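Work through the exercises below with the sequence and the 3D view side by side. Try each task before reading its solution.

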Amino acid sequence: AGSSVAGFAGAGLGFDGITNYLDAGPLNLTNSFTLSAWINISPSVPNIQTIWASKPGGGTENGFAMNVNNYNTTDGALRFITGNGSSSAATTSAAGSVTFGQWHLVTAAVNTTANTDRIYVDGNDVTLGANSILASSSKTNDVFLGMALDHFYLFVGAMDEARISSVLRSPDW
């Protein structure tokens with residue numbers, strides 16, 4: 001499940017990008033929910049860094065994913081993606097919103113009734129343009145911390161204070 005490392009507040013969990021992740025089990029999320037975690041991404045990452053995921057890595061796969069970096073980049077963009085099996089929608093931040101090698105609080109506040117979400121880094125709204133999601137994406141899948149459900153896009157670095165809430169929370173929750 002990872003190694004104990006210095007976290008943002010006390011001990012955190014180290015992820016090696018090879019085998020470490022946590023399985024939160026199947027969750028029955030409501031129409032509004034919030035995902036957050038303190039993250040410190042290794043400066044040497046080459047690709048997507050999954051924080052939370054209830055779907056495999058492919059864009060249209062059914063469920064959600066919260067990650068940093070676009071495919072095959074180290075652009076530092078925070079993203080929240082939903083898929084329903086045939087289409088997808090993504091909310092993203094500008095490149096460089098998440099810098100590597102330092103702690104950041106990342107949050108996604110999701111409202112599937114309104115088909116919207118907002119993404120935050122260190123309490124600041126970094127949502128660019130359209131912030132639409134697919135309300136038809138599954139809210140009852142298994143949820144992983146640190147990896148997509150198909151065992152791709154593993155996180156490299158440390159995480160602390162990872163949380164899921166079944167209501168909308170403030171960005172500094």
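**Exercise 1.** Decide whether H151 is buried, partly exposed or exposed.

Solution. Step 1: buried means under 20% relative accessible area, exposed over 50%, and partly exposed in between (1.4 Å probe, protein chains only). Step 2: H151 has a relative accessibility of 45%, so H151 counts as partly exposed. Step 3: H151 is found in the loop between β12 and β13 (156-165); strands are DSSP runs of E, at least two residues long, numbered from the N terminus.

This is a predicted model in which local features need pLDDT of at least 70 and side-chain atom pairs pLDDT 80 or more, while totals for chains, interfaces and linings use all residues. Residues are numbered from 1 along each chain as its sequence is written, and side-chain values use heavy atoms, without hydrogens and water.

**Exercise 2.** Describe the largest nonpolar core.

Solution. Step 1: a nonpolar core is a set of buried Ala, Val, Leu, Ile, Met, Phe, Trp, Tyr and Cys residues joined through side-chain atoms within 4.5 Å. Step 2: the largest one has 28 residues, and I51 and W52 are among those with the most contacts inside it. Step 3: the largest share of this core, 5 residues, comes from β4.

Technical notes: Helix = DSSP H or I, 4+ residues; strand = E, 2+ residues; numbered from the N terminus.
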